[in-house]
Amino acid sequence: MSLESIGWPNFSLGWQGIVVLVIFGVSLLIATYCTYAERVIAAFLQDRVGPDRAGPWGLAQPLADAVKLFTKEEFFPAGANKALFVFGPCLAMVTALMSSAVIPFGNSLKFGDTVVHLRGIDSNIGMLYVFGIVSLGVYGIMIGGWASNNKFSLLGAIRAASQNISYELAMGLALIAVLMMSGSLSLSTITLQQSSATGWHWGDIFAWNVFKQPLGFIIFLVCAFAETNRTPFDLPECETELVGGYHTEYSSMKMGLYLFSEYVNVFVATAIMSVLYFGGFNYPFQYEFLDFLQTKAGLSVDWAHNLFVLMGVVAMFAKIFTGIFFFMWVRWTLPRFRYDQLMRLGWTILIPLAIFNILLTGVLITTGIIPDLTIAVR
Amino acid sequence: MQSLSNRAKKLEKKPMTFAERAYLPAIFQGLSITMQHFFRAATKKQITIRYPEETRPFSPVFRGLHVLKRDEQGRERCTACGLCAVACPAEAITMVAGERKKGEQNLYREEKYAVSYEINMLRCIFCGLCEEACPKAAIYLQADKMAPPRYERDEFIYGKDRLVEPTSPDNRSARGIQLTPEQAEKLRTQLA
């Protein structure tokens, strides 16, 4: 099977490898600075100053934290299953990092005949892949909590498992409504459908799925909070009840990996949300911009295209950072749900709402109020 | 029952409206409140005092770090009588007395002086009783200086090197040190 046959002409393995490494590095870097951003945003929301001692404005704080975590004692509780105890945080981190592989951070760059796709892989089952990996993520928490041989850890792990299973259902159902419109699981296809070429016009914004799927977006957003174990759904950690939840017994960098994987998950969740609902690398007035670059700025065809694409990458990351900020903003606004409230919200409100949303989308597509894009895909 | 203060509110247990049950309006309300605080923190002056760089304004009678005064000719006033150490409720002050030798008249005011004089700032409660006990007006608590934070415990034992006033009046603390009797007298004559 050649690479051309799966839709990658002029594919350059060297360049593509660099792109994969860059995505890997960028996800780690963003997760690192999320720890800093979380503390600064928390401080600002609470009229405080936040970390400002390490480096200018405290920017070296993540480094200091990493040094601290690496030099702490590596502790194994008595009676813990040692192999699984180590395996838990590794799995949590690996699954968190794997899911960023299919996210399209931008369109393709062109250098003569060479084409560089700004994504890890372009799979036509991209969304399914993300869902598969994300549901694997709960095993990291589950295994870690169980291997600790501690009742608080086990309680946290069980909570995490049941919470993730409950909310994945509603999340999947919310996603089905998007898939009904797009007719494709490929994240790049879904992104490209949200450009004004196929959608509604006005500065390209109204082509974004969030305007066609407002209810689905709210369901997806709530479920994303639950899936990443963020407040108000952070019951697996739940400091006030369960000491530290599933990572009570963890110390040193093993705990660092758990905390870190949460931020990678937040990054991936916001990236997925911006792809599915906020047009991914599309940005307002992008075709006017491209037109300007090609005709007025006097650039070569390739460079006009590349600048246009790079602006898309900037737009994508702007959306991701806004999303991450929103996650932190919510965390420092809302109190934690009670466990029965969490379950009631998931099973009796979100899932029926998601099913209603599917019906509604079906009606709107058949009546032609929402454009049917599946024909173009077929 | 009749309310005495007229401030009591009558609570009604109404079933929640749809907007209340839907959570979202209340959530947006909460988000807007926290966002207001975010912008307040980002734009207005923050109330946090970043301590080692900034200090809060002290009261003129604040009892801060100790200073061993010199007289007008730059001689140390302390005569090592030990009354401050006796008065100290925390037993933070220790000293060793010595006799002034010939040719040291320009260094020490009295015939006896403190060879070493140490205050343990971790023991000191900054009550100012040493100041009251001193018959030579030698020890004062400055109103504009605090014992700064340190990493090691022995760095909190202040010896004469850190307690005695600098010889040059320009290097001395500009404000807040209470006047010695002579300075007060001088000021009084100036004002009169």
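How many salt bridges does the rule find across the interface of chain A and chain B? I find one. A salt bridge here is a side-chain nitrogen of Lys or Arg within 4 Å of a carboxyl oxygen of Asp or Glu. I looked up the pair with side chains in a salt bridge: B:Arg50 and A:Asp52, 2.6 Å from N to O.

Notes on the source. This is a predicted model, where local features need pLDDT of at least 70, side-chain atom pairs count only at pLDDT 80 or more, and totals for chains, interfaces and linings use all residues. Residues are numbered from 1 along each chain as its sequence is written, chains are lettered from A in the order in which they are written, and side-chain values use heavy atoms, without hydrogens and water.

Next, the extent of the interface. I count 18 residues from chain A and 17 residues from chain B in the contact (heavy atoms within 4.5 Å). The buried area is about 1,600 Å², with 70% from carbon and sulfur atoms. That area is the accessible area (1.4 Å probe) that two parts lose on being put together, summed over both.

Last, the strands (DSSP E runs of at least two residues). In chain A, β1 (residues 108-111) and β2 (residues 114-117) pair antiparallel over four bridges; pairing takes at least two DSSP bridges. I find A:Lys110 bridged to A:Val115 in β2(A). The two strands, β1(A) and β2(A), form a hairpin with two residues between them. In the turn, A:Gly112 has a positive phi of about 65°.
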